[in-house]
Amino acid sequence: MLPHICARCAREFSGKRLRELTVHHKDGNHDNNPPDGSNWELLCVYCHENEHAREVDSRAGGSPRQSDPAPAKYKPLAGLDALVKKK
């Protein structure tokens with residue numbers, strides 16, 4: 001459903017390293033699982049841990065949560081339509 005790329009750091013995962021990619025619920029509600037996957041994003045274990053640590057720090061009185069980090073700019077499927085049309 002989603003490309004095997006971390007939505008934060010844009011690293012691509014395949015083979016044995018695919019298990020380092022985890023599903024993160026954007027709204028924090030693990031019961032909110034729409035069929036289209038709109039509440040999910042794939043994060044590597046490092047970015048996923050960082051995301052949850054920022055939430056914990058914010059609740060513990062740390063610095064207020066800044067705006068979400070900018071999404072990755074890597075476009076893994078860019079140009080795919082041109083490759084498909086060649087066949």
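This is a predicted model: local features need pLDDT of at least 70, side-chain atom pairs count only at pLDDT 80 or more; totals for chains, interfaces and linings use all residues.
Strands β1 and β2 run antiparallel to each other and are joined over 5 bridges. Strand β1 covers residues 21-25, and strand β2 covers residues 40-44. Of the 5 residues in β2, 4 are buried, so this strand is largely enclosed by the rest of the structure.

What does histidine 24 touch, once residues up to four places away in sequence are set aside? The list is Asn39, Trp40, Glu41, Leu43, His48, Glu51 and His52. Trp40, Glu41 and Leu43 from that list fall within the residue range of β2, while His48, Glu51 and His52 fall within that of helix α1, residues 45-59.

Histidine 25 is also part of β1. Its relative accessible area is 11%, so this residue too counts as buried. Across the strand pair, histidine 25 faces tryptophan 40 of β2. Tryptophan 40 also turns up among the contacts of histidine 25, along with His30, Asn32, Asn33 and Asn39, again leaving aside neighbours within four places in sequence. As for strands in general, side chains in a regular one alternate between the two faces of the sheet.

Next come the cysteines. How many disulfides does the structure hold? The count is 0.

Side chains of opposite charge can pair when their charged atoms come close. Here the count comes to 4 salt bridges. One of them joins arginine 8 to glutamate 51, with the closest N and O atoms 3.0 Å apart. Arginine 8 lies in the segment before β1 and glutamate 51 in helix α1, so this pair ties together parts that are 43 residues apart in sequence. Arginine 8 is partly exposed at 22% relative accessible area, whereas glutamate 51 is buried at 5%.

Glutamate 51 has another partner: arginine 54, at 2.7 Å from N to O. Both residues lie in helix α1, 3 residues apart, or about one turn of the helix. Arginine 54 is partly exposed, with a relative accessible area of 23%. Taken together, Arg8, Glu41, Glu51 and Arg54 are linked in a network of salt bridges. Another salt bridge links arginine 17 with glutamate 20, where the closest N and O atoms are 3.4 Å apart. Arginine 17 is partly exposed at 38%, and glutamate 20, at 21%, is partly exposed too.

Finally, the surface. Leu77, Leu80, Leu83 and Val84 make a nonpolar patch of about 390 Å². Leucine 77 sits in the loop between α1 and α2, and with a relative accessible area of 56% this leucine is exposed.

Conventions:
Residues are numbered from 1 along each chain as its sequence is written. Side-chain values use heavy atoms; hydrogens and water are left out. Helices (H or I, at least four residues) and strands (E, at least two) are DSSP runs, numbered from the N terminus. Contact means heavy atoms within 4.5 Å. Buried means under 20% relative accessible area, exposed over 50%, partly exposed in between (1.4 Å probe, protein chains only). Two strands pair if DSSP finds at least two bridges between them. A disulfide is a pair of cysteine sulfur atoms within 2.5 Å. Patches are made of residues with over 30% relative accessible area and no salt bridge: like charges are joined within 9 Å, nonpolar side chains (Val, Leu, Ile, Met, Phe, Trp, Tyr) within 5 Å. Accessible areas come from the Shrake-Rupley method with a 1.4 Å probe; for residues, only the protein chains shown count as cover. A salt bridge is a side-chain nitrogen of Lys or Arg within 4 Å of a carboxyl oxygen of Asp or Glu.
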